[in-house]
Amino acid sequence: MTVAELAGRLGGTVVTAAADTGREVCGGYASDLLSDVIANAREGDAWVTLQRHVNVVAVAQLKALAAVVLVNGRQPEPDTVARANEERIPIVSTALTAFDAVGALYEAGIRGRGAS
Amino acid sequence: MHPAAVVAAACAAGLDAVAVCDHNSAANVAATVRAGAAAGLPVLAGMEIASEEEVHVIGLLPGAEAAERLQGRVYAALPGRNDPEAFGPQVVVSEGGEVLGFEERLLIGATTWDLGRVVRAVHDEDGLAIAAHVDRERFGLVGQLGFVPPGLALDALEVSGRTPLPEARRRFGAHGLPILTSSDAHDPRAVGCAVTLMLLREPSFPEVRLALAGREGRAVLGGGRPMEDLSLHILDVAQNGLEAGATSLEVDLTEDPADDTLVVEIGDNGRGMTQAAADAARDPFVTSRTTRRVGLGLSLLEAASRAAGGELAIESAPGRGTRVRASFQRSHVDRAPLGDLEATVLALVAGNPGVNVRFRHAVGGRAYEVESARIVEETGGRSVQSPEGLSLLRRLVRQGEAMVNEAVVQGVR
């Protein structure tokens, strides 16, 4: 599944214009502790979170994640969008809660791949 | 906590100042400042603000009025109502402990401010913004956001009492910010369980600001847990000698991994005392000191040494100074940690420019030594309190500690 398809499944919007939405999503991870994401997310994961601080982009970049899924209809902070566009990290904003977003992705065949 | 209880606990713990930092509120700051003033204890105004990322930031403020102004802005950004059955009542009290009212906002929650905005709001009131308990996974900056965001204008980082400061400096020192520790007390019994030592002219907010900036000879020295760390027991015992008029002080810390011993010796040329007085000095409630109500140093050192299969001896005579020797079984499971020796040495040397302090730490065959007179000599006659003196001293202790501890690692291999 590509990031563009993922956004469609979540009824969400890609809020980063410069991002590569053709990227393949290989798995999923959900957490709001960035230190935990650094430790446990895997390359190519879609990361479900409500954090919108600019550090989110750095973590997604560091772990080579496919996309960041921002739940509860939250919009990223302006500097987060700017950084994400620079790094070409897709951020998808969805009105779904984290629970429902993960459920929808699971139903679509995306799986977690265990903690590292 | 009741303002009088906070002040009483801080005085009993021998603190020189305490900061009151309720979650997202300053409602009890003014009363605690007044209760402190009545007891001669400086109370700094503060607030622990939760950002929307759930990062906790301590705002230390110039006074209760600034704290109250900041509180007004924080309250406007704080959603939710408290459920007293779930989280307990949020009581606003006077310095005498009368209940003035209940705060109905959910103070345990997070504001809608992002981290940068929290830091700016603190600075708007001329306050100091300190990332709280960065060593903790939850509610700490590094746990919540992975790392310290570049460009965030913090004034300091704080670690909980669980992380010894030498370790904290290794983990978080690269940011170039001073590292503090504090009790984060939510209960009067915990007040003073972790402390930060600073070199100040007096315990006040403007002085703390200078210390965090490392300006005008003020400095953050380090800290730790006064009831547990041997380094702070040593500091306390040494301070007794200084208050007894010593002009020369020697501290020897000798670890022998082969014999499995650790020996602390503290000698001074102060007034000294009779054998009866020396025996009585082990009693925690006997002290000749006037700055604190109790001088726990000797009794804590004795308890720590006994718990680790050792003993404490005091050798003293009127006019001939005092020599304290405490031994420990080094590998004993109950042997207290050394703690922040750097802070102890800095506090003894820089805190007492009129006294020649010599500190020696030996581990196995390796040892290093620092001495006040040599610091003055090597900085071309500058004071041990000068920026050059302080930084040389800090560098020598860090290098020395790294060198003797490397010997320990090799010994284990």
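Between domain 1 of chain B and domain 2 of chain B, the count comes to two salt bridges (a side-chain nitrogen of Lys or Arg within 4 Å of a carboxyl oxygen of Asp or Glu). In one salt bridge, B:Arg169 pairs with B:Asp340, at 2.5 Å from N to O. This is a predicted model, with local features needing pLDDT of at least 70 and side-chain atom pairs pLDDT 80 or more, while totals for chains, interfaces and linings use all residues. Residues are numbered from 1 along each chain as its sequence is written, chains are lettered from A in the order in which they are written, and side-chain values use heavy atoms, leaving out hydrogens and water.

The two parts of chain B are domain 1 (3-224) and domain 2 (230-410), with bounds from an automatic or database domain assignment. Together they bury about 1,200 Å², 62% of it on carbon and sulfur atoms (buried area being the accessible area, 1.4 Å probe, that two parts lose on being put together, summed over both). On the domain 1 side, B:Arg169, B:Leu199 and B:Leu221 supply 37% of the buried area, more than any other three residues.

Now for the chain A and chain B interface. Here 13 residues of chain A touch 13 residues of chain B, contact meaning heavy atoms within 4.5 Å. About 1,000 Å² is buried between the two chains, 50% of it on carbon and sulfur atoms. In chain A, the most area is lost by A:Leu33, A:His53 and A:Asn55, together 44% of what that side buries. The rule finds two salt bridges across this interface too. B:Glu52 and A:Arg52 form a salt bridge, their closest N and O atoms 2.6 Å apart.
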